[in-house]
Amino acid sequence: MKKNCSTRSAFFNRRIFIGVLLVIVSGILALLAFGVRLDSQKLAALSKPKSGGAGVPLSKIPGEPLQGIRDQTPANYKGPRNDRRPVKPVYTRPLRDLPKIPPSLAIRREVREPARPKPPTDTPTRSFIQTFLGPALSAPTPTGLNFLGVGVGLAGFVPSSNPPDTNGRVGAKQYVQWNNTSFAVFDKTTGELLFGPVAGNTLFQSLGGDCATHNDGDPVVSFDILAGRWVISQFVVGGSPDFSHQCVAVSQTEDATGEYFLYDFVTDSDNFVDYPKTGVWPDGYYMTGRIFNASGTAFLAGRIFVFEREQMLKGLPARQLQADLKKYGNKPQDGMLPSDLDSLTPPPAGEAAFVIAPHPTTVNRLTSARVAVTWGGAPRIRLTEDIIKETWGVPPCVSDTDAGDHRDCVPEPAPATPTDYVDNLDFRLMYRLAYRNFGGSPVQESLVGNITVPGGNSNPKHGAIRWYEFRNAGSSTTTPTVFQASTYDPDSAYRWLGSIAMDKDHNIALAYSKSSLTVIPSIFITGRLSTDPHNTLGIESQVTAGLGVQTNTPVNAGNRWGDYSAMTLDPVDQCTFYYTNEYLTTNGAFNWSTRIASFRFPSCTSAPAWGTLTGAVTSSPSGATLSGVVVTLSNGYAGATNADGVYSFLVPPGTYTATAADADRNCTSATPANPTVNITSGDTTTQDFTMVGTSNLQENGVTIGGDGVIHRDDCVNLNVELKNNGCANATGVSATLTTTTPGVTVIQGSSSYPDMPIDATGTNLTPFQIQTAANFGCGTEIEFDLNLTFPNGSKTIHITVPTCTGGADQTIPANVLDANDPTQLDRLGRDGQPSGCGGKACPGGGFPGTKRFQTFNFTNNSAAAACFTVTINAALGGAGDIESAAYLGSYDPTNLCENYLGDTGIVGLGTTLGSGTYSFTVPAGGQFVVVVNTTGTITASSEFSGTVSGFVDDTAGSGPCPTP
């Protein structure tokens, strides 16, 4: 989004500067933790049995739970968040042009895994079990496309968390894969890497707030087939002041590397919304989630969320609706999924969405919810809930030890031992609940899903995959019926972590992980033709052979595996399946790779090819090409012009109305205004547009003369570069520079500018000159107004320029904490979040015991509030950790949050980590205290030292400006 306000020093481009600064800050903070995911939440110790097993990953260096959480309990649970105020979006520039945060340099707080209720303990009634491999022709055939996804082996990627939460989606031209905290974009035909991998919050930097600073993962990538848009989201846990958020990005076009509309939806102010799974439906983007209290110790509810799709596609303020799913036997529903549209034919108009889950009290039932929403002036959400008479089951956990958090379930070959066995992801439908509308009279709708269940008798015990096809006939209130269901269990290997989808000809593909004492964890696929006998699948084939087993040495991998995988269908041909899952290329931990492969049934006849809409967009009367103009069709499909002013995108065959717009360029109208375009299968339709409008001059950089710094008592020349980001040429431009900042005088403030064609830049032809007074407050930002006049109007651009930058760092001398130092009886908790310039809430204490501390005093020598950065360097291998915090004015060791400014936040400083950096803001002239303390009772810490940066250079400048 183009803006007219910026901050500059010697030569500043604000958009570039902010982006680089974010990358640098993220990088510095993450390097402190060696790229490790850290804990941002105040989470208490978990209770047994096995934790929730959702999308919460383990980091290489765990954080510590903080104390003093104010948790909701089932007794005082407040229910869904009923804030229906619209959330305003932020528009981004093209993703490919945004500053990229490398995955290894992104701060990722460790989100502790919540506990969950025990699954049912009853026994499934007899149901169909397939104990044989089916026909070879009944399985999908590889297309030959099989390439590396985000993980070891791709572009130097190094995992810092486990498991990968492998997720991806195929679109019109691209494949987007987002694995926990990092994502990449690939060409769907060749597998070529087009973008990334980058940290997930790269996408949300423009949004600011918790979505920009958190990179908490649990991602889901959707492709809205009805509008040709990407819908990509990840959660925030432990935000402030609201605990849980869903950060949602909707692409403005079908290009995943293009521009986005960004939304920050607060999903629960007090509680932890875990394991979000999304689905596309015509009246909303639906999401299921599991609601835990903030410490993750109480499972409160299963919940459905609906985001206002129509508004989000237009980049307009959008609302959300929420409702808790029914409890059975006072137990919340768990492991539920929303329906996710795969077919070009939408559900019948106004039909309620589907939510299906395993029943929380019996393995002989599933639960069903039909979810209907209305928006308008009085939005509401209505649930029709029932049960489905169908079985599921709880798969065996073979080793099942307390030490393994009861995740050591799936056997692996040696050198893995039973304590290395991996999680089986029980008690949940595995992503996705894929929906298709086949039309007809009555309407025939199909949904397919899968879950891991017990296999037949074997030693050791093993799991198998139970799959379902549900059907419905267009009603919004009826409970879907089971058309077919079966457990695929052809041998004694453990099959789990499945994902399933159906093509346009009713053929089904199911892929999964497979392991045993003789089979290294690998990726397999099977399927069935629509003509096969009910409840049967074909032969299985290997997608990718695993070459290594996961172990808990040399680093504890937490027995985590996958968390989910993704089978999705090509939206264009409606026949080609794309599947992504994890595997290992060597034995070890935190060394996962992922694979993306495509398959199809040879008998499937591709849907009519989409057509291409293309054209050139130019300005009138100049004839210059215009980049960034978005051409949108009446069905929501859209494309943006490239640097040559040409757009091109795929569209399903049909007749549509087209519009071209770019308000950021000051384009006011297009010719033709609303042309009708006819898209035919496999053909190219050309529609050119001519835009009229005005210029749009924006500041593009400030150059400061002399040594590049504005001092007190200084005469400085300034050059302000402008760029014409408009829809017409800029001619006859003149400017006057003014300021109201005390102690600053504009000596020479008038200049003309050269003519600037569209997208061209120009600098004032006569340098501006300013004078600062001898008593000017160093560090004060100078506020300028550049008042522009030109033949067709005028505008004012506001510019902010820092002063007296580059002051010398101050030091903390080398020291050791030992018996000679004063003591305190508590310390700050380490929440995994080094504070930034914007500060953070005090993490509090609650860690009794005698600690040693030292203090170091400093003063902000700026006339304005300033951000300071403290870096503590420590020798490795100390007897115990140290930490550092800063306080305004004074430090009271008996009140750790009084005058608190910021802290290192990390675990391991002085033992396994050699440095820690944090930042905070100090008022003008304010004194601050840096504290370094031990975190435990030790005789002596490792040696430490430090630097404090952010001071201004208060030296005088060149003196008065020469008299003209």
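Tutor: Cys667 is buried, at a relative accessible area of 11%, where buried means under 20% relative accessible area, exposed means over 50% and partly exposed lies in between, with a 1.4 Å probe and protein chains only. Its partner in a disulfide is Cys727, with an S to S distance of 2.2 Å, a disulfide being a pair of cysteine sulfur atoms within 2.5 Å. The pair links distant parts of the chain, 60 residues apart, with Cys667 in strand β40 (residues 667-671) and Cys727 in the loop between β45 (715-724) and β46 (734-739); strands (E, at least two residues) and helices (H or I, at least four) are DSSP runs, numbered from the N terminus. Cys727 is buried as well, with a relative accessible area of 0%, and the link of Cys667 and Cys727 is right-handed, with 100° about the S-S bond.

This is a predicted model, in which local features need pLDDT of at least 70 and side-chain atom pairs count only at pLDDT 80 or more, while totals for chains, interfaces and linings use all residues. Residues are numbered from 1 along each chain as its sequence is written, and side-chain values use heavy atoms, with hydrogens and water left out.

The structure holds eight disulfides, among them that of Cys778 and Cys804, whose sulfur atoms are 2.0 Å apart. The torsion about the S-S bond of Cys778 and Cys804 is about -70°, so this disulfide is left-handed.
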